[in-house]
Amino acid sequence: MPPTQAESVIKNIIREIGQECAGHGEIVSETLAAFMVKAVVLDPSNGFNMDRPLMKSDVQKLVKLCVSRLLDSKNPSLDTIKMQVYFDMNYTSREEFLEEHHRVLESRLGSIMREITDNRACAREELESLYRKIVSYVLLRSGLGSPTDIKIVREATAALQSIFPQAELGTFLTLSKKDKERQLKELTMIVTGIRLFNRDCGKGGEGIDDLPAILREAIPATTQHIDSQLQTAQDQAYRYTAILEKAANNPFLSIELQPYMLKEALYNVRQYEVFLQIILSDIITCAQEVEMMIKQLGAQLEQLKMIVKSKTAVPTSQVFPIFIALSNLWTSFQDETVLISVLSNLTTHLVPFLGAHELLFPEKVIQNLLDGLTVKTDVCRVKEHLEDRVHLADFRKQEWLFPETTANFDKLLIQYRGFCAYTFATTDGLLLPGNPGIGILKYKEKYYTFNTRDAAYLFAENPENYIDLIREKAKKNAELIQLLELHQQFETLIPYSHMKDVDKHIKPITKSESSTQTDTHILPPTIVRSYEWNEWELRRKAIKLANLRQKATHSVQTDLSHMRRENCSQVYPPKDAGTQSKREGSSQVPRPQIYIAGLRGGQGKVTSGVKVNLTRAVDET
């Protein structure tokens with residue numbers, strides 16, 4: 001059958017199912033009807049052959065089976081499927097939600113944006129009307145008050161006039177459309193920052209809610225509500241698990257429990273628990289973002305106060321960036337407020353999908369079944385077998401991962417959402433949490449955990465057999481495909497929220513001691529040192545060589561350079577030398593002998609001395 005014809009047939013089947021259900025007073029969405037069609041076709045007990053085209057009788061049978069399952073209001077399996085479809089249609093990741101939220105806001109502001117950018121005002125009245133539209137646009141985009149409130153409009157107008165007087169409208173009208181849109185966004189952020197600063201100083205802020213305080217109250221309240229819902233769902237799941245674990249060892253009790261659809265109820269509660277954990281994780285992320293933004297807001301306001309102080313005028317280059325930063329922070333507060341509201345509403349709308357439990361399992365019936373049983377939590381089950389670890393010596397072909405040998409042990413994507421694969425396959429669908437501490441089996445680039453060491457050993461002997469059993473069980477209970485994350489095995493039933501994660505596998509980073517030794521140079525180097533790719537460098541070298549032709553070579557040796565090359569020199573050894581004169585000669589100079597007489601004085605008052613030179617002449621010596 002051609003693809004277009006097959007698509008047409010499927011649409012007709014979905015439309016007919018919706019009409020049949022509407023005739024019985026049940027409104028069914030096309031998404032739910034499509035999911036049910038695929039679930040019924042996958043179930044081997046219904047006898048549909050996927051390899052041949054559907055006959056008219058097959059289509060009638062398919063519609064009848066789908067309608068009967070969609071009208072079975074007391075079936076926990078149907079509630080689980082409805083819950084999965086609702087969550088998939090209404091939940092998106094944080095990034096996608098914020099992106100879609102901003103896109104919706106932009107589309108809502110599109111009309112007034114076009115009125116402003118396409119305006120060709122000339123008269124005074126037209127310019128005043130255009131200015132009022134700009135004020136309304138600023139208020140609508142910032143979300144700080146209604147543009148119909150006179151006080152808010154006056155405050156916003158005063159802030160806008162301080163940075164964009166009405167006299168500048170003529171210049172604004174001469175800009176291109178893109179420049180007008182960019183300037184309008186900048187004006188909105190600056191006006192928002194001014195109003196937030198005035199509100200902090202107690203001089204304005206009309207119509208601005210205290211979003212940080214609101215979020216600080218809303219987030220803990222929402223978290224506490226989800227925690228209580230999660231605790232209730234986990235307690236219910238623990239009790240169902242205890243009863244089903246007892247029934248797995250008692251065939252008579254198992255037959256007695258079949259009409260109660262206890263396993264389907266367990267799947268319903270476990271799926272609700274998974275969705276609550278996803279929502280709770282997003283809310284915790286919101287709380288962290290809000291705390292960080294509150295600190296940033298306080299720092300920006302404090303910096304702005306330090307700049308402004310009591311000045312009558314401040315440079316725009318100093319305050320405008322801070323006003324824009326304040327506006328962006330406040331927009332983030334608004335985003336977190338909307339996100340918290342959406343997540344809270346999503347949590348509330350998941351509760352009706354648990355309605356069948358009280359009808360099928362009254363408290364009295366549950367207490368009778370729990371008589372003599374010990375209800376164990378998931379944490380208790382993990383602690384029971386914490387010391388029972390897989391011995392690597394028992395396995396030569398399989399690869400096992402442990403916390404001390406794997407760096408990203410906690411980030412590995414465990415198959416079947418962490419439930420024990422062996423227990424689920426051998427007990428016809430009992431969900432027991434796996435214990436990663438026992439060891440994680442790596443098989444065909446996928447990772448499996450088990451609740452006991454014996455279960456791990458038995459599964460490792462023939463993994464394909466147990467994987468096939470789980471796949472066949474999922475065909476009978478289509479809600480298991482999303483609960484156990486079997487989307488790769490059933491690609492036609494991949495929900496939108498999991499489409500991006502289909503091909504993402506986190507590989508384990510194993511840790512081990514190792515050493516390597518290599519030769520310094522195995523092959524001789526082939527690098528041409530004289531090669532140069534730069535044409536300008538080649539020109540520079542050519543000019544240098546040309547200049548060298550006209551230069552003379554000189555050599556210089558210094559104390560630092562004399563040891564850089566070998567030098568050698570040759571000298572003659574010293575020899576004895578002597579001279580001979582004809583005769584010996586000598587000379588002597590006479591010693592001076594000078595005497596002074598009369599120094600001792602006499603009878604007179606004046607002393608007179610007589611100098612006598614007795615030195616012999618030179619020629620007399």
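Strands here are DSSP runs of E with at least two residues, while helices are runs of H or I with at least four residues, both numbered from the N terminus. Strand β1 (residues 399-401) and β2 run antiparallel and are joined by three bridges; two strands count as paired if DSSP finds at least two bridges between them. On the other pairing, β2 and strand β3 (residues 446-448) are also antiparallel over three bridges, with Tyr-443 having Lys-446 in β3 as its bridge partner.

Together the strands form an open sheet of three strands in the order β1-β2-β3, in which β1 and β3 are the edge strands, each pairing on one side only. The twist averages 35° from one strand to the next, where axes are lines fitted to C-alpha atoms (for helices, over the stretch in contact) and angles run from 0 to 180 degrees between N-to-C directions. From β2 (residues 440-443), Ile-440 and Lys-442 point one way and Leu-441 and Tyr-443 the other way, and all of them are buried, a term that means under 20% relative accessible area, with exposed meaning over 50% and partly exposed lying in between (1.4 Å probe, protein chains only).

## Residues with positive phi

Most residues other than glycine have a negative phi. In the hairpin of β2 and β3, which has two residues between the strands, Lys-444 takes a positive phi near 55°. Glu-445, in the loop between β2 and β3, has a positive phi of about 65° although it is not a glycine, and it counts as partly exposed at 46% relative accessibility.

Arg-417 is found in the loop between β1 and α18 (421-426); its phi, near 55°, is again positive in a residue other than glycine, and at 24% relative accessibility Arg-417 is partly exposed.

## Nonpolar cores

The largest nonpolar core has 121 residues, of which Ile-134 and Phe-450 touch the most other members; such a core is a set of buried Ala, Val, Leu, Ile, Met, Phe, Trp, Tyr and Cys residues joined through side-chain atoms within 4.5 Å. Helix α13 (residues 262-308) gives the largest share of this core, 21 residues. A second, separate core of 24 residues includes Phe-35, Met-36, Leu-62 and Val-67.

Leaving aside neighbours within four places in sequence, the contacts of Phe-450 include Trp-400, Tyr-422, Leu-441 and Phe-459, contact meaning heavy atoms within 4.5 Å.

## A buried asparagine

Asn-119 sits in the loop between α6 (110-117) and α7 (124-142), and at a relative accessible area of 16% it is buried. Beyond its neighbours within four places in sequence, Asn-119 is in contact with Leu-130, Lys-133, Leu-173 and Lys-180.

## Domains

The chain is divided into domain 1 (5-71), domain 2 (119-197), domain 3 (211-370) and domain 4 (378-489), with bounds taken from an automatic or database domain assignment. The centres of domain 1 and domain 4, taken over C-alpha atoms, are separated by 34 Å, and the contact takes five residues from each of these two domains.

Domain 1 and domain 4 bury about 470 Å² between them, 67% of it on carbon and sulfur atoms; buried area is the accessible area (1.4 Å probe) that two parts lose on being put together, summed over both.

## Basis of the values

Residues are numbered from 1 along each chain as its sequence is written, and side-chain values use heavy atoms, with hydrogens and water left out. As the model is predicted, local features need pLDDT of at least 70 and side-chain atom pairs count only at pLDDT 80 or more, whereas totals for chains, interfaces and linings use all residues.
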